[in-house]
2 protein chains.
Amino acid sequence: MNSVKIGIDLYGGDNAPSSVVEGALFALKNKFLSPEELVIVGNEISKEDLDKISNLQIVPAKNLVSNETKPTEVLKMKESSMYVGCEMLKNNELNAFVSAGNTGALLSSGTFVAGRLPGIKRPALVLALPSKSNKPKILVDAGANAEVKAEHFYDFAREGIAYAKFLNLENPRVGILNIGSEDEKGNSIVREASNLLKEEKKFNYVGYVEARELFDDTCDIIVTDGFTGNNVLKTMEGTAYFILHELKETIKKGGLFTKLGALFLRGSLKSLVNKIDYRSYGGTFFLGVNGVLVKAHGSSDAEAIANALYVAYRAAKFDLIEKIEI
Amino acid sequence: MNSVKIGIDLYGGDNAPSSVVEGALFALKNKFLSPEELVIVGNEISKEDLDKISNLQIVPAKNLVSNETKPTEVLKMKESSMYVGCEMLKNNELNAFVSAGNTGALLSSGTFVAGRLPGIKRPALVLALPSKSNKPKILVDAGANAEVKAEHFYDFAREGIAYAKFLNLENPRVGILNIGSEDEKGNSIVREASNLLKEEKKFNYVGYVEARELFDDTCDIIVTDGFTGNNVLKTMEGTAYFILHELKETIKKGGLFTKLGALFLRGSLKSLVNKIDYRSYGGTFFLGVNGVLVKAHGSSDAEAIANALYVAYRAAKFDLIEKIEI
């Protein structure tokens with residue numbers, strides 16, 4: 001794909017629209033993409049900001065979706081930036097769309113406005129976790145589908161594999177998250193899903209993996225339902241911040257050497273917690289819909305928005321959607 | 001309860017029977033309980049060890065349960081130490097029974113040999129997590145029931161509340177683990193369970209809690225299904241060890257000051273990871289069966305066995321089982 005169009009939801013995120021405008025300017029300044037490739041969905045941009053960029057495409061849309069908007073409600077908000085962006089994805093007017101807005105509303109717009117890819121029943125949130133080997137570990141579904149059937153694991157695996165290709169992981173190993181490695185472990189959905197994935201010769205399926213191996217090199221793609229996946233993600237986050245908190249307490253109470261030690265290790269610890277906090281990632285893909293849909297975190301600042309735009313741009317260039325094998 | 005009898009599974013655990021014999025001797029030496037209160041289930045004890053203790057009660061039983069034993073198989077192993085111990089619980093010949101053996105087999109023996117308390121459908125694994133406020137946080141179910149219905153959350157809450165009383169938590173707040181705080185979040189089981197707990201006036205139900213609050217003071221008892229609970233627990237463990245691993249890598253690559261910092265903080269970091277690693281806890285209660293049943297970790301050494309005996313002893317003295325309100 002040579003020329004791509006990347007849309008950004010002007011009204012998505014706690015700090016929108018200013019964070020989005022600044023993020024877009026940041027991305028352009030750093031040549032993450034060119035002005036011709038960027039489309040701002042929403043028109044609350046000052047004359048002053050507009051003057052900074054030439055050739056920028058602006059699509060009119062309204063600021064209607066809030067954090068309180070229910071997933072079903074957004075489907076009636078046809079003039080909202082979220083709806084308009086997803087509609088443009090569907091019509092191929094955009095190759096990718098980035099939003100830091102209400103997650104539930106975005107998943108709903110992605111599924112029902114952009115629409116599912118033919119052959120995909122369940123689009124899912126796909127993201128890369130850090131790992132001990134520094135190779136990314138992919139988690140699918142990180143929170144889109146709280147209620148699943150075994151057959152949906154098939155979609156999750158394909159979405160994860162497409163993302164693995166994007167991340168240059170060769171012949172990626174697919175594992176199903178379970179509470180033990182033996183065949184009889186887990187619930188009936190997990191066991192049925194395991195049999196399904198085993199039968200599909202296209203998958204490099206390695207069986208069950210446990211959450212304590214999350215950061216180990218035992219597989220490349222961890223497939224799970226969105227309820228468990230989201231809980232796993234938030235447990236990682238909670239644990240990392242708990243450790244940071246406890247260290248701070250130890251240091252407060254500690255003697256001179258402890259305080260010195262803390263001072264010397266401070267930078268390393270901070271960057272480590274950031275590495276684990278998924279909210280600091282550029283964005284999460286909602287894969288399985290028509291077009292590249294990137295969910296940036298609600299509290300994204302300008303730099304996070306710019307990073308999400310960059311990730312979306314690279315995924316569009318890579319033709320990520322075409323990599324989902326039906 | 002004045003005089004109690006605490007049984008220990010001689011053949012449970014990777015290092016059994018020697019770890020169990022040494023653990024029992026350690027517990028007696030430290031007066032965790034008296035020889036009259038201890039019952040060893042299994043008779044592979046050397047004359048030499050026996051001579052160290054007078055008044056010790058030994059109940060003959062065989063070493064039949066391995067890590068490969070299926071939960072259904074143990075129910076036919078009537079002479080196994082695990083079966084015999086659970087049968088003694090049922091007959092009130094023991095007030096508590098401790099085993100570091102095969103978890104699935106122990107849950108099965110507990111449920112079907114010791115038997116469920118009247119009014120309890122689902123016994124569950126109950127354990128205390130560390131927290132920022134240093135008050136324990138209780139997690140139910142930590143892995144016993146991978147397949148649940150909404151009504152089982154009612155049992156989990158009661159089991160958690162009994163344990164909270166044991167830990168001196170007054171009017172404990174009960175929360176249900178979910179992937180968001182809004183009413184419509186999660187799956188249908190969680191939503192139905194939330195309505196059930198809301199209706200029960202005996203519970204101090206505070207609604208949904210998220211996994212990122214695991215260590216915060218937003219509730220005292222986190223109720224979830226055993227599949228999610230076990231994944232949360234193992235994610236905590238995996239994350240803590242990942243952070244430790246990354247710090248080690250940073251230190252290896254770091255300069256003198258980083259290395260010094262690491263040296264000064266080493267003890268604090270180690271004890272922190274231990275605090276989070278549930279395997280280092282004395283033991284986990286399997287609550288809801290006839291009698292106090294404690295699962296010690298499979299890799300328990302003598303000290304861990306002794307700690308589990310102490311926890312079991314205190315729970316029996318406290319009459320923990322009577323605290324489960326039917």
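Biologist: Which helices of chain A each supply at least two residues of the lining of the largest cavity?

Modeller: Helix 1 (18-29) and helix 2 (47-52) each do that; helices (H or I, at least four residues) and strands (E, at least two) are DSSP runs numbered from the N terminus. Bear in mind that this is a predicted model, where local features need pLDDT of at least 70, side-chain atom pairs count only at pLDDT 80 or more, and totals for chains, interfaces and linings use all residues. Residues are numbered from 1 along each chain as its sequence is written, chains are lettered from A and ligands numbered from 1 in the order written, and side-chain values use heavy atoms, without hydrogens or water.

Biologist: And which residues line the largest cavity?

Modeller: The lining is made of A:V21, A:L25, A:I40, A:I45, A:D49, A:L50, A:I53 and A:L56, each with an atom within 4 Å of a cavity point. Those residues divide into seven nonpolar, no polar and one charged, where Asp, Glu, Lys and Arg count as charged, Ala, Val, Leu, Ile, Met, Phe, Trp, Tyr, Cys and Pro as nonpolar, and the others as polar.

Biologist: What volume does the largest cavity have?

Modeller: About 50 Å³. A cavity here is a set of points on a 1 Å grid where a 1.4 Å probe fits but cannot get out, and the volume is the space filled by probe spheres set on those points.

Biologist: How many cavities of 30 Å³ or more does the search find?

Modeller: Two in the whole structure.

Biologist: Changing topic, what rotation superposes chain A on chain B?

Modeller: One of 180 degrees, with 0.0 Å of shift along its axis and an RMSD of 0.0 Å, fitted by least squares on C-alpha atoms with pLDDT of at least 70 in both copies. That is how a two-fold axis relates chains. In chain A, A:G261 has the C-alpha nearest the axis, 1.7 Å from it.

Biologist: What is A:K185 in contact with, leaving aside neighbours within four places in sequence?

Modeller: A:N178, A:I179, A:G180, A:R191 and A:Y208, with contact meaning heavy atoms within 4.5 Å. A:Y208 is 23 residues from A:K185 in sequence and 9.2 Å away, C-alpha to C-alpha.

Methods: 1 Å grid on protein atoms, 1.4 Å probe; cavity = no way out; pocket = protein on both sides within 12 Å on 5 of 7 lines; lining within 4 Å.
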